[in-house]
Amino acid sequence: MIMRKVLQRVAKPVVLIAEELSPATLDALGPDFEVRNCDGADRGQLLAALAAGVDAVLVRSATKMDGEAIAAAKGLKVIARAGVGLDNVDIPAATAAGVMVVNAPTSNIVSAAELAISLLLASARWISPAHAALRNGKWARSKYTGAELFEKTLGIVGFGRIGQLVATRMQAFGMEVVAYDPYLQPARAAQLGVRLIELDELLEISDFITIHLPKTKETANLIGVEALKKVKPAVRIINAARGGVLDESALYDALTEGRVAGAGLDVYVTEPCTDSPLFQLDNVVATPHLGASTDEAQERAGIAVAVSVRKALSGELVPDAVNVKGGAIHQDIRPSLPLVEKMAQIATAIAGELPVAMEVQVRGDIAEHDSSILATSALKGALIATGAEDVTYVNTPALAQERGISSSVNTDPESPEYRSMISLHAACSDGRIVVVNGTLMGIRKVEKIIAIDEFDLDLAPTENLLFLRYADRPGIVGIVGNTLGSAKVNIAGMQVARDSAGGEALMVLTVDSGVSASVLADLKDKTGAKLIQAVNLVG
């Protein structure tokens, strides 16, 4: 009789595309997903598609991923917004449901900067009304005398990525650039040849002002009635950032009273906006929120979120996740995340229980960056080591709180032996502390465990590890080798460290397969080891 093996088909993760995205988005997703489509603006169609079961949903601005939609999507892991703004995503509801929210924060920065510059130039040279006059048969050269940018002062309100792109481009026009940003270090501005100043001074000295701030409680109507009393009458003001940072009513009054010479607007406090009194003024050039509306920006956004979805559904950290505790993750910190996860898995396995608290000590060069995310990495590793499933950087803090485990990070720029190193201290309920030290070696950032407790090592954290802690005496290496050989467990590498001859020793083996409980019991019986633990690292 011929036996036939029936291959069970493994279902692919389902990705729902709720709005039209570039073909490059699908290419970036690749063949590993089942792709479904719906009209996200059609509420009934969206809810039905989500209820059918999806792992990720890709949206732009028309699809409302609110609490109702998130609740309908059982099993949803990722909401990806192909763009920057997240007004259409209920982030607290997503976080409570353990759903990662990602966007493409850098996809449109060039397009947004270029549009702001376009509005500035158009305002300076009366492009819009001159064009309209010519189309109406009027040759109005004398009416539309403009202003040069050369040797004028440009004030940038908000000196983030877009503001910095605007600065470098406008310096090429011969402009002096000043900026206001309470969160930026002056050294960064100085690198770009820009002087950081207070907002009042910027308002007083600028010939052109361009706004590049998000709308928050602090920035709402920042450029309002009082601010517009401080500007030059010849100033032109550009807002291609967020509606509501510039008070539109106050701007209208300043324009009609001759206290502001002109304005360029792409964003409005209420959108869509088609009936603003500002649109009736010749000295206003306006566009309908076109900052990200280029083919290149849309393609970059689609590709970026597709890559994020791939990472998220494969269990990797997504640096652009907006609801991961710890905020933006510096590129020099990112390689340490999987290392700390593995260190926490090792510490938890050696402890034999879920620690009650963990402290991550970051030392050396990487200590200059925000490493708070490593606290979440440690929690995630400890939870995985105790068998928790579907642990992500989004739900880890809540899962850890439920289990009564906390973590913290502290930094020290001094690292005597390594350029950078990380020390994880795991405290157990009985007062024991397990210490695991690690580092990233060389240009390729190779992961190494360099010490466990007082024992120095040079250990690559591979998938299958075996730890023995025992009284140092002759014959132990042979016993371990023979026992594993009899069990058909191949040893890939072995390290032995001891505190003194005849004292306590730690043996660490990398093996090609897991070690069964019966083999562990046999080893414990033969060696008398006080600790024997197999560790199967995840990640």
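The side chains of S111 and T294 are joined by a polar contact of 2.6 Å; such a contact is a pair of N or O atoms within 3.5 Å, where within protein one must be able to donate a hydrogen and the other to accept it, and residues adjacent in sequence count only if both atoms are side-chain atoms. The model is predicted, with local features needing pLDDT of at least 70 and side-chain atom pairs pLDDT 80 or more, while totals for chains, interfaces and linings use all residues. Residues are numbered from 1 along each chain as its sequence is written, and side-chain values use heavy atoms, without hydrogens and water.

- S111 belongs to helix α5 (residues 109–124); helices (H or I, at least four residues) and strands (E, at least two) are DSSP runs numbered from the N terminus.
- S111 counts as buried because its relative accessibility is 7%, the cut-off being under 20% with a 1.4 Å probe and protein chains only.
- Leaving out residues up to four places away in sequence, S111 touches G291, A292, T294, A297 and R300 (heavy atoms within 4.5 Å).
- The C-alpha atoms of S111 and S293 are 7.5 Å apart, although 182 residues separate the two in sequence.

**Sheet**
- Five strands form an open sheet in the order β2-β1-β3-β4-β5, with parallel pairing; pairing requires at least two DSSP bridges between two strands.
- β2 (34–37) and β5 (100–102) are the edge strands, each pairing on one side only.
- Strands β3 (residues 56–59) and β4 (residues 78–81) pair in the parallel sense over four bridges.
- L58 stands opposite A80 in β4.

Technical notes. Buried < 20%, exposed > 50% of the residue type's maximum accessible area, 1.4 Å probe, protein only.
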